[in-house]
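Let's walk through how to read helix packing and salt bridges. Have a look at the sequence and structure before we start.

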Amino acid sequence: MRIGALAQAAGVKLSTLRFYERRKLLVPLERSESGQRLYGPDAAIRVRFIRRVQELGFSLREVSAVLAMSDLRGTPTREVARFAEAKVQAIDARIDDLRRMRRAITTLMVEGFCAPDTVCPIQASLGAAGPVAARKPRASAPASPRSPRRRSTAVGT
């Protein structure tokens, strides 16, 4: 199928498909004589998978690793196995958080609103001290000690 048909089947824009292609998440099977990208029948499933996994909080680097595991269809390397185990643990922790939040909301629905002099059970479910999954800092250039930018207040200069 051509890129336009894939975009329509997967419910994404053409620019999204081109971006995934640049990131090597999506590879066309071949190109037509006129140079158009041609994709296989499973491409729409792959694109919808990428979008859904991103919605679940995976970074594109993690999506790439999951797709690599899927594409290899063999015995995973140690690095892939470590990644998979870490991801499973993170998913389990998130499931636990969601269950606590669900119980708190259900309780609140049954018992009514929180009293003004108490901590709301919804906030307590995830706001209590405990393990917090820290986000990995984005790779960026080291911060340089420089003065903050000043805005000009002059008009027309």
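Q: What should I know before I start?
A: This is a predicted model, so local features need pLDDT of at least 70, side-chain atom pairs count only at pLDDT 80 or more, and totals for chains, interfaces and linings use all residues. Residues are numbered from 1 along each chain as its sequence is written, and side-chain values use heavy atoms, leaving out hydrogens and water.

Q: How are two packed helices described?
A: By the angle between their axes and the distance between the axes. Here, the axes of α1 (residues 3–10) and α3 (residues 43–55) come within 9 Å and cross at roughly 50 degrees. That makes α1 oblique to α3 (under 35 degrees is roughly parallel, over 145 roughly antiparallel, 65 to 115 roughly perpendicular, and the rest oblique). Helices are DSSP runs of H or I with at least four residues, strands are E runs of at least two, and both are numbered from the N terminus.

Q: Which residues in α1 and α3 meet?
A: Leu6, Ala9 and Ala10 from α1 meet Ala43, Ala44, Val47 and Arg48 from α3 (contact means heavy atoms within 4.5 Å). By class, this contact has 6 nonpolar, no polar and 1 charged residues.

Q: How many salt bridges does a search of the whole structure find?
A: The search finds 5. A salt bridge is a side-chain nitrogen of Lys or Arg within 4 Å of a carboxyl oxygen of Asp or Glu. Take Glu21 and Arg37, whose side chains meet at 2.8 Å, N to O. This pair links distant parts of the chain, with Glu21 in helix α2 (residues 14–22) and Arg37 in strand β2 (residues 37–38), 16 residues apart.

Q: Are Glu21 and Arg37 buried or exposed?
A: Both are buried. Buried means under 20% relative accessible area, exposed means over 50%, and partly exposed is in between, using a 1.4 Å probe and protein chains only. Glu21 and Arg37 also belong to a salt-bridge network with Arg31.

Q: Where do Asp97 and Arg100 lie?
A: Both lie in helix α5 (residues 78–111), 3 residues apart, about one turn of the helix. Asp97 is partly exposed at 28%, and Arg100 is partly exposed at 33%.

Q: What about Glu55 and Arg52?
A: They form a salt bridge too, with the closest N and O atoms 3.1 Å apart. Glu55 is exposed at 56% relative accessible area, while Arg52 is partly exposed at 47%.

Terms used: Axes are lines fitted to C-alpha atoms, for helices over the stretch in contact, and angles run from 0 to 180 degrees between N-to-C directions. Ala, Val, Leu, Ile, Met, Phe, Trp, Tyr, Cys and Pro count as nonpolar, Asp, Glu, Lys and Arg as charged, and the others, Gly among them, as polar.
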